[in-house]
Amino acid sequence: MLSGIPQVSVLGPFLYTLYTADIPQSPNTALSTFADDTAILSNHSNPITASTNLQTHLQSIEKWTRKWKIKINEEKSKHVTFSLRRGNCPQLIFNQTNIPQADAIKYLGLNLDRKHTWNRHISTLRKHLDLRTKELYWIIGKHSPLSLNNKLRIQKAILKPAWTYGIELWGCASPSDIAKIQRYQSKLLRLITNAPQFVTNQTLHQDLCIEAVRNVFRGKAAAHHKTLSEHPNPLIGPLTNQSNEV
């Protein structure tokens, strides 16, 4: 290799962080980076001002990418207007290319829709869970010779982490959306145990010591709030105060 480093290397993320440490920031926008995923947020009641702040920040980043020879795929970038109002913020341009506007964006595994309903995320999550369960049916289904304890271990190690990821955020979704994941879990427990129809879902959860989805959210959210409140970073404290006011 004449340049770069192999993918999935230990040194790669560290070197990338050093290389992009001086990415331009702006007092009128918030910059969020995780590896090579970069998000810029502009918060303003006037959509024109919000877009103007974003465009100014994008222009400084455009100059920065040319200086350090970094290529950004403009067509894969998305511009989302998070608002309960109709209409979008004015068009944004990067490298003389219009950034496509969308009603939702997937960022760090979470599907964020413009109205923050979490409906799209939960619908996508449910499809993903059904697909994963189908792939594992041969080992957790009623014809599998695997013991019940080992089936439950697979549920806790593989399937449960798939829907608990980010639940501290999306767990505040509407009861109808939460019910979609609850129905999945009830259906999964019935599949694992091969329980007859007269056994209620509540009995299955109690006998197997499995928490309901809503209770999982409450526990995860409380632990997350406690972690934030005790974090040494002074910028984290105001986030917990805002959550208390909502």
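Start at the surface: select Ile-5, Leu-11, Phe-14, Leu-15 and Leu-18, a nonpolar patch with about 460 Å² of accessible area together. Areas are Shrake-Rupley values with a 1.4 Å probe, and only the protein chains shown count as cover for residues.

This is a predicted model, with local features needing pLDDT of at least 70 and side-chain atom pairs pLDDT 80 or more, while totals for chains, interfaces and linings use all residues. Numbering runs from 1 along each chain as its sequence is written, and side-chain values use heavy atoms, without hydrogens or water.

Now click Leu-18, in helix H1 (residues 11-19). Helices (H or I, at least four residues) and strands (E, at least two) are DSSP runs, numbered from the N terminus.

Next, select 175-193: that's helix H7, 19 residues reaching 26 Å from first C-alpha to last, close to the 27 Å expected at 1.5 Å a residue (1.5 Å times one less than the residue count). Its buried residues include Asp-177, Tyr-184 and Arg-190. The buried set packs against helices including H3 (119-135), H5 (148-164) and H9 (213-229), with contact meaning heavy atoms within 4.5 Å.

Last stop: strands E7 (104-107) and E8 (110-113), antiparallel over four bridges (pairing needs at least two DSSP bridges). Ile-105 stands opposite Leu-112 in E8. Two residues separate the strands of this hairpin, and Leu-108 in the turn has a positive phi of about 55 degrees.

How values were computed. Patch = residues over 30% accessible without salt bridge, like charges linked within 9 Å, V, L, I, M, F, W, Y side chains within 5 Å. Salt bridge = Lys/Arg side-chain N within 4 Å of Asp/Glu carboxyl O. Buried < 20%, exposed > 50% of the residue type's maximum accessible area, 1.4 Å probe, protein only.
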